[in-house]
Amino acid sequence: MFLLAVLLGLSPQTGRRRVHQHRTWEREPQSAAVTTEPGELVSHLPIVEINTGGQKIPGNWIRDKDGVNIGVEMSASGEKTICASIRILDSGTAENRVEDEAAVETEARFRIRGNSSRNFSKKSYLVKFIDKDGDENPQEVMGMSAHDQWALYGPFLDKTLIRNYMWMNLSAEVMGYAPDVRYCEVILDGKYQGLYLMMETIARGEGRVNLSAYEEGKSYTEYIVRMDKPDQDIRDLNTFSNYTLRTVVGENEQTVLSVVYPGTKKLNEEICDYIEKDFSRFEKALYSSDYRDPIRGYRRYIDVDSFVDYYVLQEFLCNNDMCIRSTYLYKDRLNKIHMGPVWDYNNMLDNYFTLQMDGSEFLYVERLWFDRLLSDPYFNRKVIDRYRELRRTVLDEDDLMNYIDETIAYLGKSIERNYEVWGYSFDAGQLHVNERLTPIERNPESFKEAVEDMKDFIRVRGRWLDSHIDALAQYCHESKAKIYDNR
């Protein structure tokens with residue numbers, strides 16, 4: 001079935017064909033205008049119109065007198081979300097207008113989302129569709145599978161506007177599934193907000209992470225977990241890597257494994273205990289002296305190929321969040337732990353706030369789990385071979401450059417419209433320190449410069465890895481591995 005799915009271009013996870021919007025959707029007509037007036041806007045992209053009725057949108061950071069984040073703002077009524085009305089204009093043609101009949105029209109719970117992106121002037125939002133009774137209201141959106149929960153991502157730090165779009169799509173080609181994405185333009189309370197991505201969130205469901213639903217009363221479950229900062233909204237786990245202090249990432253930084261699915265309404269102590277022990281079995285096997293054994297070691301517990309693919313992508317992209325932030329894993333009915341789906345590519349390809357990269361080293365060989373996995377010659381060789389294979393296909397340099405150019409050409413005047421609103425962000429002096437790269441000279445001064453910077457980094461990174469990927473084998477040499485084997 002997997003081979004058949006690959007041949008048909010379908011995801012073995014969801015059974016759906018991956019849609020690359022710029023290749024298959026209606027293109028912008030030559031006569032398209034640049035106006036950002038909502039009543040005059042005509043776009044080949046879907047338009048998302050949001051009306052909050054003038055309510056304050058919760059989710060901005062609350063800071064103490066020293067500028068340290070101490071919480072997030074609530075709504076005027078003390079809630080984490082507000083109720084808003086959403087209209088999605090998607091006629092299936094190259095001419096979407098606000099006055100058109102909506103393809104989707106619904107109420108929604110609505111708030112600002114993200115972590116570092118909460119600092120940005122251009123906000124990203126969490127949208128949960130609800131019906132008149134306040135219950136979940138799953139809807140198909142822009143050709144994506146029906147679900148009630150979505151993310152509206154507004155690229156701001158990423159001046160190219162395409163990192164998440166491009167690499168969610170390409171990651172799906174590599175790993176079988178990544179959240180589906182569609183470009184759109186957003187109008188909020190009558191004001192044009194610019195170019196956005198409507199994104200599937202990482203959740204259980206048909207067309208997303210295809211797990212069986214948790215059955216009330218059962219002492220076991222299929223699950224999704226996330227490695228990130230502690231979050232009071234979801235349950236943190238005390239797994240082997242946590243209580244052996246392997247998740248400590250710095251003096252003032254902490255990362256924890258938390259339960260995404262089942263959600264908090266269905267979680268109980270018995271299920272949390274099951275997930276903690278189940279996941280810890282993998283970690284204990286991985287960090288044991290028998291870890292290389294195909295029966296007693298880690299291979300018994302994980303889908304190895306998903307870990308290989310994940311590592312290759314994150315190392316190629318220099319994604320500093322790997323296994324610290326925005327890192328997801330799930331366990332399905334086959335009783336194997338899968339790495340992924342991937343999430344949040346805003347900071348990769350040398351777009352991390354405080355860390356400037358030159359693309360000339362292995363960056364993540366000492367990250368959680370992979371420090372040990374890469375010390376196994378079996379896993380190490382699979383990574384090297386998979387990298388070589390992907391450089392001939394999905395990660396081919398010419399294909400990547402063409403993908404960027406094609407996407408930009410497809411977006412057309414929506415880029416100009418976006419920067420009619422946010423063009424000041426090319427003057428780093430006008431940005432708060434939390435909205436720009438440091439040192440300040442790293443910030444591009446134009447859209448063209450941002451795109452060329454990203455292209456140049458892709459070329460440098462790929463060519464360095466081409467020349468050095470075989471050197472990854474040093475990390476499974478006895479001199480590296482013995483620090484674990486002698487424990």
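## Rings and charges: worked exercises

In this predicted model, the charged end of Arg299 sits over the ring of Tyr378, 3.7 Å from its centre. Local features need pLDDT of at least 70 and side-chain atom pairs pLDDT 80 or more, while totals for chains, interfaces and linings use all residues. Numbering starts from 1 along each chain as its sequence is written, and side-chain values use heavy atoms, with hydrogens and water left out.

**Exercise 1.** Find the ring that the charged end of Arg118 sits over.

*Solution.* Start with the rule: NZ of Lys or CZ of Arg must be within 6 Å of the ring centre and within 35 degrees of the ring normal. For Arg118, the ring is that of Trp61, with its centre 5.3 Å away.

**Exercise 2.** Work out how the rings of Tyr165 and Tyr403 are arranged: stacked, edge-to-face or tilted?

*Solution.* Rings of Phe, Tyr and Trp (its six-membered ring) pair if their centres lie within 6.5 Å; planes under 30 degrees apart are stacked, over 60 edge-to-face, the rest tilted. That rule gives 23 aromatic pairs. Here the centres are 6.4 Å apart and the planes at 40°, so this pair is tilted.

**Exercise 3.** Decide whether Arg372 is buried or exposed.

*Solution.* Buried means under 20% relative accessible area, exposed over 50%, partly exposed in between (1.4 Å probe, protein chains only). Arg372 has 0% relative accessibility, so Arg372 is buried.
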